[in-house]
Protein chains: 2
Amino acid sequence: LINVCILGNGTVGSGVVELLNKNRENIRKRTGEDVRIAKILVRDINKHFREKYFHLITNDISEIWNMDVDIVVEAMGGLYPAYDYIKGFLQKSKHVITANKDVIAKYGDELSKVADRHGVCLKYDASVAGGIPILKPLQDCLAGNEIKCFYAILNGTTNFILSKMYNEDMKYEKALEIAQEIGFAEANPDSDVLGYDSARKLAILSSISYDSRVFWDKLYTEGITEIDEIDIAFAKKIGCNIKLLALSAKEEEGIYGAVRPAFVPFKGKLGMVSDEFNGILLEGDAVGQVFFYGKGAGKLPTASAVIGDIFDVIENKKMRSVSRAENEAQIITKWQKNSDWFIRVECDEVERVIDFIKAKFGNITAIYPDKAIGGIVAFILEVENEIILDIILENLQGISGVKKIKKTIIIDL
Amino acid sequence: LINVCILGNGTVGSGVVELLNKNRENIRKRTGEDVRIAKILVRDINKHFREKYFHLITNDISEIWNMDVDIVVEAMGGLYPAYDYIKGFLQKSKHVITANKDVIAKYGDELSKVADRHGVCLKYDASVAGGIPILKPLQDCLAGNEIKCFYAILNGTTNFILSKMYNEDMKYEKALEIAQEIGFAEANPDSDVLGYDSARKLAILSSISYDSRVFWDKLYTEGITEIDEIDIAFAKKIGCNIKLLALSAKEEEGIYGAVRPAFVPFKGKLGMVSDEFNGILLEGDAVGQVFFYGKGAGKLPTASAVIGDIFDVIENKKMRSVSRAENEAQIITKWQKNSDWFIRVECDEVERVIDFIKAKFGNITAIYPDKAIGGIVAFILEVENEIILDIILENLQGISGVKKIKKTIIIDL
């Protein structure tokens, strides 16, 4: 008999309870083991007294701490006390499964080592891209590859907002409001809309992909709050969609890592990832391009990943640590590859800007938004890397009448 | 020290040799084990005397049979002697990794049981969809899901031919010729173009998805040899692409399984899988839709999957058997779901056909090909299932002057 305790009974926790009960027979058939939910930790016990599993509910962690538990599923979210509980149970030689990207992005390396030392598993497949199988395929199936780069949509909330803005010509504020109403965005949406959530997942994916320690707060992170209807109109004009991408590439000098809005071809793989879906396009030296798509969040998709981890624990498959490297990765925040960039300039005199660009680059085609919006011009520049681009834009900024410059990378995949 | 022997030195075998040597340090770092290629079995030893690994080459299976080998990689292809070698080595308690869909589709169930009995692993991740991680994610990450259906492009050769026909208005024969020239198609292309290769992979995927024994020769199998430029023109007119799909669905009465050409929206996930790429769109009850995309064949993509299996064997992760079910699945070859079908009718009088259809279904929009091609009309019918469709088409066939009717399913995903 395998006793499972679940910490938290919110979206993820209740999904795990539901799916685990549904899979008991399945688990017994496949592994020969009987799985039982032994306890569910909640914050406020009074909220749950009408529920089917009320007899399993407790608000006292010490009850779980002192019982005979085999697997602990941490589904509380947030850094604390989740981190302390995970660490504590690992130190008591209990297997821990978590969907908590905050904890893994910050403490994954340390916690993996604690798990190793105590001979138990720490699994966190649900922490990145929800139900999409990505961490395990990356670690197992693609283990023979050197990962060269990946471009991913890892945050469903922002992708939902951008889809509304793009497909329904909605303003950011209105789209955010709808996302909050239907529960895709939280009351305080900062972690999603400012790109932090994507950056945490990017750090976890990068650590595994390149087997080196990548910390999310070292990555360049830009959210979607500055995207307006003019950007959307420009994107449409050049056959692109706007997506908040988590970009990563192994470069000679280190690992590039950034979360930033990007233009992607409307018809491409990333361009067609819409609404709350996630997508990960990665490139390995042997396998070439591989693309994964699915629901990156939500009750049952996330629970699906947790149940996959439970199967692994029972079948005693160990997950590779977030990283076994001793040294922290050298992080690069400027894009190193030759790329097209979309440049939008707000200025008093568009002609002067165009003259400057033409003098420097020859016949660049400039586009203007609708006549109604004066003083804005945009064009596409192909440059060798972002450092060179920044020098050009600095010169451009020096032209009198130039008020604001916005650069958006174009990922042509 | 782990001794690996590779049976076969063609595309897959030589790719495995190359990638395994490249990954030796990687494997040592991750698993602490030193991997060595001990022997490579070839057919004609004289062809290889200039090669770097000539000292490892033998054309005598008994040499490998009698040596101290830990893992055997079968990369010969074809049913025999591959099946005998795989079985023999498993019975000698050697781990076997194979990319051979012919053997797995026919003997996977039996061989999995042999492996189980002898306490070793039989792994075949490379047998379906080449480098795309699919079998393991399905078995591990998605283990908590009931798989409801999947729609997949599993044969790169036919997808390449169809892409040429669609994108370059090329005739089937010419596209096949090019595929043969660049090595995507074999001199005898039957296994690919008649859909047998796809059906074998579909059987393997179905067996794992539904945990029941599915034999490929029970599946409905239709190839691409009947697709002509008129079909392509029709597809384009309704915003669709033509793909050879491996279709599978769990129905009340059994498992639907068919390989057949289908119309898919040009902009959808399956519609954008072009050239030699593969794509698998599956639906689980918890995770919802998940999509996998990548190279389904080729030297290094296939080797990538084999190396993934080698990591698994060394880390002692057992693959689930193709199926543990004792009973063979009940196979359904008629599509059970409500769907649109594209119907093309060759006839003497198109008006008579349209009158029949309109009398039966009301205002159906018919399309005609270019004026130059007389006597062909096509329309889209929505029907409850394929059995009802067949009755309608039988009636249609009864109309005087109707010469040939072709039905193509439209998968709107």
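Contact means heavy atoms within 4.5 Å. The views show a predicted model, where local features need pLDDT of at least 70, side-chain atom pairs count only at pLDDT 80 or more, and totals for chains, interfaces and linings use all residues. Residues are numbered from 1 along each chain as its sequence is written, chains are lettered from A and ligands numbered from 1 in the order in which they are written, and side-chain values use heavy atoms, without hydrogens and water.

**View 1. Helices α4 and α5 of chain B side by side.** Follow residues 82–91 for α4(B) and residues 101–117 for α5(B); helices (H or I, at least four residues) and strands (E, at least two) are DSSP runs, numbered from the N terminus. Their axes come within 10 Å and cross at roughly 10° (axes are lines fitted to C-alpha atoms, for helices over the stretch in contact, and angles run from 0 to 180 degrees between N-to-C directions). From α4(B), the residues to look for are A82(B), Y83(B), I86(B), K87(B), L90(B) and Q91(B). They meet V103(B), Y107(B), E110(B), L111(B), V114(B) and A115(B) of α5(B). Turn to the sheet, and you will find α4(B) lying across β1 (2–7), β2, β4 (71–74), β5 (95–98) and β6 of chain B. Against β5(B), helix α4(B) runs at about 155°.

**View 2. The open sheet of chain B.** Six strands line up in the order β3-β2-β1-β4-β5-β6, with parallel pairing (two strands pair if DSSP finds at least two bridges between them). At the edges are β3 (57–58) and β6 (122–123) of chain B, each of which pairs on one side only. Strand β2(B), residues 35–41, is joined to β3(B) by two bridges in the parallel sense. To find your place, look for L41(B), which stands opposite T58(B) in β3(B).

View 3. Strands β2(A) (residues 35–41) and β3(A) run parallel and share two bridges, and L41(A) has T58(A) as its bridge partner in β3(A).

**View 4. Strand β7 of chain A and its two partners.** Of the seven residues of β7(A) (147–153), six are buried, so this strand is largely enclosed by the rest of the structure; buried means under 20% relative accessible area, exposed over 50%, partly exposed in between (1.4 Å probe, protein chains only). Strand β11(A), residues 277–284, pairs with β7(A) in the antiparallel sense over six bridges. I147(A) stands opposite G284(A) in β11(A). Strand β9(A), residues 240–251, is also antiparallel to β7(A), with four bridges joining the two. There, A152(A) stands opposite A246(A).

**View 5. Helices α7 and α8 of chain B.** These helices, residues 156–167 for α7(B) and residues 172–181 for α8(B), pack at an angle of about 130° with their axes 9 Å apart. On the α7(B) side, the contact is made by F160(B), I161(B), K164(B) and M165(B). On the α8(B) side, look for Y172(B), A175(B), L176(B), I178(B) and A179(B).
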